Each structure stands twice: as structure tokens, then as C-alpha cells.
Amino acid sequence: MAPTFIAFASALVLALALTPLARRIAFRTGVIDRPDRGLKRHRAPVPYLGGVAIFLAVIVTVVAVKLADGEGPLALRIRGVVGLLAGAGIVFLLGLWDDVSPLRPKVKLAIQAVAALVPISLGVHIKFVDNPWVAMPLTLVWMVGITNAFNLLDIMDGLAAGVACVASLWFWVISAQHGRFNDALTAAALAGATLGFLNYNRAPARIFMGDAGALFLGFLLSAVAIGQGYSMNTNLGVIAPLLVLGVPIFETLFVMAVRRQQGKPVMMGSPDHVPLRLVKIGYTRERAVVVLWVVGALLGALAWFVVQANWERALLVSGVVVMAAMSAAVRLASVRMEETRR
């Protein structure tokens, strides 16, 4: 556990130091998110490039700890994280490119698929399916889906970073408990980096992570989530990663369903998001964000419980979560959003 605590602390310090630097560079280079008459209703221009600080904090930390903790040739010491970091690097560069010069959705999806194939080709894939011809496509869909889910979630100050931090902490705990060092190390670094970034991204945000940060977080978390089958006492343990990432998954499925029902393109931006509906109900923006952080923490606790529970208790938890999600979806879908402002 000591190396993972070192990773957490190191990534935290690096994010705290690098984020202000990224903010200054963003202002100088004009990589700024400006308010408009559409969804971007923040009061003043806010710089992007927060994702650069998160990326560097995680990558530098993971590589440094692997080099310091291992023995033998360099290639062997970092072998367990090469594919993951390479794919994440591709997604990060894609997001950075999109922050500077927006790309078409189809182009972004294609590059994300290529990035996902890198760790998949090196053995990172869903473990509960034995047939590789089924496991590989499922893994590709999972990784691209979660990658975009975090990008979709990044619509309020501190929301995506906070949800990612909570999920990372739970993956750290579960991975360490199972002896999966590489996943625990990556999760610990992610938790530290996002916590450090939150110091500048919480409301009112002084910097945004941009697509570079959101896509990077989603990609890494999607990969960490499938490090193993999660089955200790029952095969229902495979729902654990779904629970840990329940907030972005629910947000994505909910928004897609609402837009399809309204006849809107699924990829088109619109005020259909869960946190915006919470604001419409009467929550402040800050409270809506905290509520989703807490929901993520509770779902993570249930995931930890399910991994260790027998099948009867795991099935009971699954049923309760599904019913709660359906009830929440019905309530949120009833909120009229025409006048909602971002």
C-alpha cells in the first residue's frame, strides 16, 4: 500500500503546482471557454488546459513510482502500465486538439476507438467473458462509452473532477484489496490529481479541464474498472464497476433517452443533463454537484459490499439500485427544462 499512498500524495502535489501554470498558459495562448447564448452561460471567460495538469500529474506519478518500486530493466518495470498509459495519451492529445480546434463527433469516436485498441491488444479487457471475440468488442464499447460519459458529465464546476476523484478512491480500495497493484497505483494517482485540480475547479471555477481532461479521466477509469472480474463470492461481483461509475453511466443513458424521446440528435448539446435538472428542481448549483458526489460515494460503498457479498445480497443490492435509478429517471424526466441556463 505504501507506493500507492506515495502516488496519491505525489499526484496531489503535482496537480496543485501544475494547474495554476496551465491556467496562465491558457490565458496567454487564448485557449479559453467564452460564454455564449447557448449552453455556455458562465459569467466570464474561463481558461481550459486543466486537463494538461491532470494528465502530467498522473503520468509522471505512475511512471516514477513504477520505476522506483520495480527491479530489472526499464521496460519490465513499466510493462504493466504501458498499454494503458499509451492509450490514455492518445485520448489526451485528442481532447487537447478538440479544445484548441473542435473536431467532428465521428472523428473523435474513431480516434477513441483506436486508443482503446492499444490496451486491449496488450491484455486489458473484460474478464468475465471467456470468448475473446465477445470480450474484445464489449471492452471497446465499454471504454469508448465511459470515456465519453465523463466528457458529457463535465458541465458544472467541480462535477466531473469530483465524481472522478470519488470513483478513483473506490477503485483504489477495491484494487488494493484484490492485490492488483497496477490498477491501485493508477487509481491512487487519479484520485490525487483530481483532488488537487478540484482546488481550482470547484465553484466558482478558475480553470476548466476541457476535453483533454474529461476524456483522459474517463479512459483511465474505464480501463481500471475492468482490471479483473471482481468476482469473490459470486459472479454478480461484475456489477461493481457499474456501481462505482454509476453517476456518469446514469447521466449518459438518461440524456440519450431524453434526447431520443424528444427527437433531438443524441450528440447535440442541450440542457437535458441530470445536474441541470436538479438545479431546476430547486437545488443550488453547488448543492447539485455535492449531491452527485455523495451518490457516487454511496454507489462505491455498495460496489465494495457487492464484491464481498454472497449472491443473494448482491442480487438484492442490484435490484434496489436499479429501482432507485428508474425512479430517479422518471422524476428527473418530468422536469421541464426550456428555461434552464447553464
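Tutor: Arg 277 is found in helix H12, which spans residues 274-281. Helices here are DSSP runs of H or I with at least four residues, strands are runs of E with at least two, and both are numbered from the N terminus. The model is predicted, so local features need pLDDT of at least 70 and side-chain atom pairs count only at pLDDT 80 or more, while totals for chains, interfaces and linings use all residues. Residues are numbered from 1 along each chain as its sequence is written, and side-chain values use heavy atoms, with hydrogens and water left out.

Is Arg 277 buried or exposed? Arg 277 counts as buried, at 2% relative accessibility. The cut-offs are under 20% relative accessible area for buried, over 50% for exposed, and partly exposed in between, using a 1.4 Å probe and protein chains only.

Now its partners. Arg 277 is in contact with Phe 254, Val 258, Asp 272, Leu 332, Ala 333, Val 335 and Met 337, leaving aside neighbours within four places in sequence. Contact means heavy atoms within 4.5 Å.

Of its 33 lining residues, Gly 246, Phe 250, Leu 299, Val 321 and Ala 325 are the closest to the centre. H14 gives the most, with 12 residues. By class, the lining has 29 nonpolar, 2 polar and 2 charged residues. Here Ala, Val, Leu, Ile, Met, Phe, Trp, Tyr, Cys and Pro count as nonpolar, Asp, Glu, Lys and Arg as charged, and the others, Gly among them, as polar.

The pocket search runs on a 1 Å grid over the protein atoms alone, with a 1.4 Å probe; a pocket is an open set of points with protein on both sides within 12 Å along at least five of seven lines, and lining residues have an atom within 4 Å of a point.

Arg 180 sits in the loop between H7 (159-177) and H8 (181-201). Arg 180 counts as buried, at 12% relative accessibility. Its side chain reaches the backbone oxygen of Val 224 at 3.3 Å.

Stay with H8. Asn 199 lies in this helix and is partly exposed, at 29% relative accessible area. Beyond four places in sequence, Asn 199 touches Leu 16 and Arg 206. Phe 254, a contact of Arg 277, is 29 Å from Asn 199, C-alpha to C-alpha, and 55 residues away in sequence.

A cis peptide bond joins Ala 203 to Pro 204, with omega about -10°. Leu 49 has a phi near 75°, positive in a residue other than glycine. Most residues other than glycine have a negative phi, and most peptide bonds are trans. Leu 49 lies in the loop between strand E2 (46-47) and helix H2 (50-69), and is buried at 10% relative accessible area.

Finally, the core. The largest nonpolar core has 101 residues, of which Val 58, Phe 216 and Leu 245 touch the most other members. Such a core is a set of buried Ala, Val, Leu, Ile, Met, Phe, Trp, Tyr and Cys residues joined through side-chain atoms within 4.5 Å. Val 58 touches Ala 189, Leu 190, Ala 193, Phe 216 and Leu 220, not counting residues up to four places away.

Note on methods. Polar contact = N/O pair within 3.5 Å; in protein donor to acceptor, adjacent residues only side chain to side chain.
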